[in-house]
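Hi everyone, thanks for making time this morning. I'd like to walk you through one model, so let me put it up on the screen.

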Amino acid sequence: MGTSEDQGRAEAPSARPEASPGTTLALDAPAGGQAPKAWIAIVQGFLGSLMMLAGSIGAGWIANGSPMVRHWLVIALRTEGWGVTTSTVLLTVGAMLLVRSWLRLGQRLKDWGPGSLRSVVIAVTAWALPMVFAVPIFSRDVYAYTGQGRLVLEGQNPYTTGISSLSNWFSLGADPTWAEAKTPYGPYFLWLARAVVSITGAQPDFSVLLFRILAGVGVVLCVLYIPKLAELHGLSGARALWIAVANPLFLISFVASAHNDGLMVGLAVAGVYFAATGRHLTGILLVTASIGIKPITVILLPFVGLMWAGPTATLARKVLFWAATAAISFGVLALSGIPYNLGFGWIWAILDPTPGYTGYSPSGFLGQQVESLANMIGLPGGSLADGLRTGMKWAGMALVLLLMFRGDYWRVVRRMALAFAAVVMLAPIIQPWYILWFIPFLAATGIRSDWQIKSLYIAITFFVVFGAQDQLSVWSFVQLNVQVSSLAYVVALAFTFYLLALDVHTRKLLVQGKPSEWFKRKAPWQ
């Protein structure tokens, strides 16, 4: 049905995107060598990561069943006011210092010449290493993974049963909010969770380490294949890797928090690369493996099918290859549901999403405004807001269909990235790490050095600030003069103001000129 591997590579969708007037792509940078003193940013980021490691002991998520809670240092840091306060400040300042280090690394490697890829890989390694040993921060989802592994090991189905059915489940450290929820993960991740629990006996700390290793496999796959995918599109692999993997939200979410999304994204990136270089079956199987971790990457399958169909495909041929791609992927997943009697539960994980919305998602924010205005004039604000959020969600799916049928074949990976971004950004619920699902594909197909990269700076910083104040673990009996969430928020905002207004280097990234000059400029019509 397809071409040979060599022919497929010759027809890979790897044309270089065109830059808009007045902007530059990474490959347009001067061909000089590596920017001097990149090591300064790397060392600074390593120190920030060490601070986060230290702060996590007193403010991170420790399971109730962990022996760590009986260690004298942990007791001091988590029961004494000075310990909790110090840990919170260390964690927050460390995260913000990592943000600055990422920004400065990009400035120091601005030419993206020879040696820049090596510098970014060293930075990723150095910044991630302390996080491997940190207490989980910014999220405690990793403890739910242990519970779901126990469910499978005990012969129960996580697609129909919550971890609250387990004996002594509270000691696992999972968030009670989701104790009765069905798992949203694919069968392969449940296999892996079962394997982890069978090795660790559900010991919380050892289980976290193994789940981190699994997420780390995804990080390694991203390090390997994002630069290759970017170079396939005529872009700097080093710059794409810096944008997608060296950013602090990626490292915190996929190393410190150990989200299984890291493995999902790594498999998806590898699969898209293989499909784009003509090895279509390998690409389909890798994307299928990604779906088996978390089903959201099913969105990528139609675009992998387009790569397989080739640049001259008629509509009938596209439909044929879409069907073949779906048959292979869903057939493999159907067989994968046989072990442990998991069946097709992963399908319901897609069709039965988590209810509600997040206030910072576009549809969540707009819905709140519509609800307030409608209530003021006597209209049913809640119903109108729900309708708006539902409409925006379906608009995201409509954009996927549009990008499937319209667009240049040579930009099919870019179309896929935009489709993925539309589904995420128009959904009512956006967790901070959700934007990391599509950023690698945007980075590999071109993020310009204009409003596009500035928007990324803002998004990454926003979610790091949000996580720093939203996900702090403080024992309920500890008496504090100041709420740690408020303390973290003030520290993070102060550091953000420093980056934006006072730091002579980073303030150039968003605004031009000195702060004293910002309000002296004339408007264009003056």
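Predicted model: local features only at pLDDT ≥ 70, side-chain atom pairs only at ≥ 80, totals over all residues.

The protein chain has 21 helices and zero strands. Of its 526 residues, 54% are buried. The chain exposes about 22,500 Å², and carbon and sulfur atoms supply 65% of that area. As for contacts with a separation of 6 or more, 74% of them join residues 24 or more positions apart.

Now, the helix pair. Please find H5, residues 116-132, and H9, residues 237-244. How do their axes cross? They come within 8 Å, at an angle of roughly 20°. Angles under 35 degrees count as roughly parallel, and H5 and H9 are therefore roughly parallel to each other. The crossing of H5 past H9 is left-handed.

Which residues meet there? From H5 we have Ser 116, Leu 117, Val 120 and Val 121, and on the H9 side Gly 237, Ala 238, Leu 241 and Trp 242. Sorted by class, that contact has six nonpolar residues, two polar ones and no charged ones.

Last stop: Ser 87, which you'll find in helix H4, residues 81-108. Is this serine buried or exposed? Its relative accessible area is 2%, and the cut-off for buried is under 20%, so Ser 87 is buried. And what is Ser 87 in contact with, once we leave aside neighbours within four places in sequence? The answer is Gly 55, Gly 58, Ala 59 and Leu 77.

That's my tour, and I'm happy to take questions.

Notes:
Residues numbered from 1 in each chain as written. Heavy atoms only, no water. Axes fitted to C-alpha atoms, helices over the stretch in contact; angles between N-to-C directions. Helix = DSSP H or I, 4+ residues; strand = E, 2+ residues; numbered from the N terminus. Parallel < 35°, antiparallel > 145°, perpendicular 65-115°, else oblique. Left-handed = near helix turned anticlockwise from the far one by under 90°. Contact = heavy atoms within 4.5 Å. Nonpolar A, V, L, I, M, F, W, Y, C, P; charged D, E, K, R; others polar. Buried < 20%, exposed > 50% of the residue type's maximum accessible area, 1.4 Å probe, protein only. Areas by Shrake-Rupley, 256 points an atom, 1.4 Å probe, with all protein chains shown as cover.
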